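Here are my notes on this one, as promised. Have the viewer open while you read, and go through the points in order.

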Amino acid sequence: MATLTECNLLPELLVAPRPAAWEPVRKAAETALEGQELPTTKHEDWKYTDLKSLRETHFVPGQYRKVDIKERILPEARGTRLVFVNGHFDPPCSNISALPSGVRMLRLASASEAAGALGSLATPEGSDVFTNLNTARFTDGAYIFVPKNIHVEPVLHVLFVSDQEGAQPTCSLPRLLVVLERGATLNLVEEYWGHGCTLTNSVTEVLVREGAELVHERIQRESPEAFHFSSLRARLDRDARYISRTISLGARFSRQAPHIVLADEGTELTLDGLALLGENQLADTHSFIDHTKPHGTSRQLHKAIVDGKARAVFNGRIFVRPGAQQTDAQQQSRNLLLSEEAQVDTKPELEIFADDVKCAHGAAVGQLDPEELFYLQSRGLNLSTAQNLLTYGFAADLLARIPVASLRRQLRQAVMARTNAQDLASMA
Amino acid sequence: MLSIRNLSAAINGNEVLRGINLEIKAGEVHALMGPNGSGKSTLGKVLAGHPTYKVTGGEVIFQGKDLFEMEPDERARAGVFLGFQHPIEVPGVSNASFLRLAYNKKAEAEGRDELDPLEFDDFIQEKIKVVKMDAAFLDRSLNEGFSGGEKKRNEILQMSVLEPTLAILDELDSGLDIDAMRVLGEAVNHQKSPKRALLLITHFPRILETVHPDQVHVLSSGRIVKSGGMELAMELEERGYDWLKAEAVGRG
């Protein structure tokens, strides 16, 4: 059992400059941290996910450094991009010249207007140690605000780079706050990328007001040595729509913790996830969908492809509160095991306290379907090509839903390379 | 082109084919008919190399080669095509890309030039006209969300792309309305050639009114119990299959 101060994460961060407007929420988070510890496998939520290697690594706060983001540029977001390196704003790589008027996209450190919403979902009293650590000590992050009834044409892209400098592993605490006012619409790409041994502990808060619609891609392509913790807190107001997709390709160790509150009537949520794992990677998703009011719809599809000695963990909790009648909630966890030593632990949890609801969940863990393999072989594809094609298809099915063409292409190529399906290069 | 000699096959220890003998020559169209459970679909799957079925006796020679010495994909590249009764859906893989990949694998095996995406597009646009398929289906995932009829249409499209020497079409007519059956029947006729043989597996004779068979065989309990011409199919249309079963029992 290590307390936070014993786990060597942070003392240096305490001295980072802080805008005064954040002070109350930071202080509350700092207070909440006292007595909170890094969880061990004795905690139910961390039973499959051992943080021993994290505890044994000594991280120093990452500094700003120059990076080359050429490969990460999305043409759809050429003039609507913010970049942060090791938690620090990167002016040369950022470009918001094409930002439509009225729309705000800026670094949090200069967005005192954001103070009211900041920490309103990831409240210190309702958050775990990782989230509170971020709230208490993050240096900077991005703030996005779309005013009433504005339909944002360009895609907005926020890129968080984690880049180890020298021999010492580095840590950063990225922060993102997104507010869509009534009737606004937006396509947002939130991306994590990096090199070396890094620890990224991010918190994203999303407020989708009445009738607004947010399509939110969350891409994790950190280095194979990285540790990645990501907490997503979102709230949907009346008739709001939120489509959130998390694609995890990188990191030796990653944890996704989306927590979505359907806070009013008529909301629609799509929460999709894909984890592509090999070697010794571990990807853990603990999701929580909270239906609080009538006529809410949620669709969750989580897929994992697990090869080598990798491990995927999925725990999907859906909560239907009393009075949330006519809730329609569906959850699917589908897992593809490609090796003997790969492992999947999947656990759907439905808790329903309303009587007039439609809820369904399912979990499947399996190998490739012999009938599908035979079909492809009967068309002249040899067994390994057929296997790779089906594995690729299992992942690409989810990628096909991404509306940002350049991102879809990039991810298809990455998945093709990982599934040895380069034969299909023309498919991207 | 194809010689099936005393072929027996089993699934999970149950013998489904019990000594099939059949000769098919290049350019011929054969129809294999029979009641449900008679083994007709099994024969198609065994010829294509489905892993669940175990060949327990006999042999099959395809163009001078032992078919059972070849993997399913080798058989396909050698010119065997099975049109599935229930084609499989493959999400995430576009129909056009899949068709091009399959085409190029066969071209590579035959030492022909592979087609790049642009060349293939020209090629496939001609092919879809014959099966009267909407080009939008090329961009969709392979068979995903296709209706029964659309899947069958796609099977015939795949056949026309792969240009097999032997095409086995399993219940092409099932799930099709009369118009669609005629379109696909004509698309199959379009692909008849002196170098190509067809084996139509069907429960109902109707498809044979469009694709005329040279020979009709009736399968019952894993054996061919009667062979004849189109008149045999017509007789089955009128009398059903029961009389044949009775005849077979009487003989046995």
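1. Start with Glu114(B), in the loop between helix H3 (95-109) and H4 of chain B; helices (H or I, at least four residues) and strands (E, at least two) are DSSP runs, numbered from the N terminus. At a relative accessible area of 43%, Glu114(B) is partly exposed. On that scale, buried means under 20% relative accessible area, exposed over 50%, and partly exposed in between (1.4 Å probe, protein chains only).

2. A word on ground rules: this is a predicted model, where local features need pLDDT of at least 70, side-chain atom pairs count only at pLDDT 80 or more, and totals for chains, interfaces and linings use all residues. Residues are numbered from 1 along each chain as its sequence is written, chains are lettered from A and ligands numbered from 1 in the order in which they are written, and side-chain values use heavy atoms, with hydrogens and water left out.

3. Helix H4 (residues 117-130) of chain B gives the largest share, three residues.

4. Glu213(A) is partly exposed at 25%, and Arg241(A) is partly exposed at 30%.

5. Buried or exposed: which is Asp328(A)? Asp328(A) is buried, with a relative accessible area of 14%, whereas its salt-bridge partner Lys358(A) is exposed at 54%. The closest N and O atoms of Asp328(A) and Lys358(A) are 3.9 Å apart. Asp328(A) belongs to strand E19 (residues 328-337) of chain A and Lys358(A) to strand E21 (residues 358-366) of chain A, so the pair ties together parts that are 30 residues apart in sequence.

6. Asp179(B) is exposed at 53% and Arg182(B) is partly exposed at 41%. Over in chain A, salt bridges that share partners join Glu44(A), Lys47(A) and Lys347(A) into one network.

7. Chain A also has an open sheet of ten strands in the order E3-E2-E6-E9-E11-E13-E15-E17-E19-E21, with mixed pairing; two strands pair if DSSP finds at least two bridges between them. Strand E3 (88-89) and E21 of chain A are the edges, each pairing on one side only. Strand E9 (residues 185-195) of chain A runs parallel to E11(A) over nine bridges, and Glu190(A) has Arg218(A) in E11(A) as its bridge partner.

8. Last stop, chain B: strand E1 (residues 2-11) and strand E2 (residues 14-24) pair in the antiparallel sense over eight bridges. Ser8(B) has Arg18(B) in E2(B) as its bridge partner. E1(B) and E2(B) form a hairpin with two residues between them, and Asn12(B) in the turn has a positive phi of about 50°.

Notes:
Salt bridge = Lys/Arg side-chain N within 4 Å of Asp/Glu carboxyl O.
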